[in-house]
Amino acid sequence: MKQIIAMFLLLCVSVCFAENKIFYTDGDKNSKKIALTFDDGPGAATEKILEILKDKNVKATFFLLGSRVERKPELAKKVAEEGHEVQSHTYSHISFFAYKNEDKDEKMENELLKAQKSIEKNTGVKPYLVRFPYGYSKDDAKKVVEKNGYKIINWTFGCDWDRKLTADEMHKKYSGHIRNGAIFLMHDLNYNERLLSFLGDFIDEIKAKGYELVTVSELLDLKK
């Protein structure tokens, strides 16, 4: 009986810990699932990325900037209508690593809520996951997101911003990080021909290795 009670208590602690966790960089390392994510849009590459995802029958997660959503509301809406997950990348892409003003917490919350309003108004979707610009995830950010019912999502690997890499080099780096629970970071603000040249092949590689491509909320079991 004591052993059964101990196991039950351990299960309760595990469940509570999972519910209270607010920062993620990857998913279950025992599950053959992977998530593709795109930041900074909607932008110049969004349409092409949507075409590739549709062709490959894959759903991804788009961390949208509230300010970009207001510039391209129809494109933001299209992302949601095509079944992709819409989440927040804040409103105006402020680096909170560099932000030194005393109102930092207030500014961070304003960025979060202003983006939420913009995204919900233009896509019909209320975000509950956020990726702060440059992966900011310090304790003050965790406090702000917890207060507002969000969770912070960073990434396992990403390199598409590195201008020194050729398309082949970039492709190899992404392929080298295919593993259980991986969250891949990419961007759709600018028309990155290197990324677009191998994205379809990269998706095929992931599938060929027996992985299922899912949204971040599915990967982390964080459906609202």
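**Exercise 1. Find which residues of α2 meet which residues of α4, and describe how the two helices pack.**

*Solution.* Start with the contact: T46, E47 and L50 in α2 meet L75, K78 and V79 in α4, where contact means heavy atoms within 4.5 Å. By class, these residues divide into three nonpolar, one polar and two charged. (Ala, Val, Leu, Ile, Met, Phe, Trp, Tyr, Cys and Pro count as nonpolar, Asp, Glu, Lys and Arg as charged, and the others, Gly among them, as polar.)

Before going on, a word on the model: it is predicted, with local features needing pLDDT of at least 70 and side-chain atom pairs counting only at pLDDT 80 or more, while totals for chains, interfaces and linings use all residues. Residues are numbered from 1 along each chain as its sequence is written, and side-chain values use heavy atoms, leaving out hydrogens and water.

Next, look at the axes, which are lines fitted to C-alpha atoms over the stretch in contact, with angles from 0 to 180 degrees between N-to-C directions. Those of α2 (residues 46-55) and α4 (residues 73-81) come within 11 Å and cross at roughly 15°. That makes α2 roughly parallel to α4, a term for angles under 35 degrees. Helices here are DSSP runs (H or I, at least four residues), as are strands (E, at least two), numbered from the N terminus.

Finally, α2 passes α4 in a left-handed crossing: the near helix is turned anticlockwise from the far one by less than a right angle, while clockwise would be right-handed.

**Exercise 2. Work out how α2 packs against α8.**

*Solution.* The axes of α2 and α8 come within 10 Å, crossing at roughly 20°. That makes α2 roughly parallel to α8. The handedness of this crossing is right-handed. On the α2 side, K48, I49, I52 and L53 make the contact, and on the α8 side L196, L199, G200 and I203 do. Sorted by class, the contact has six nonpolar residues, one polar and one charged.

Technical notes. Parallel < 35°, antiparallel > 145°, perpendicular 65-115°, else oblique.
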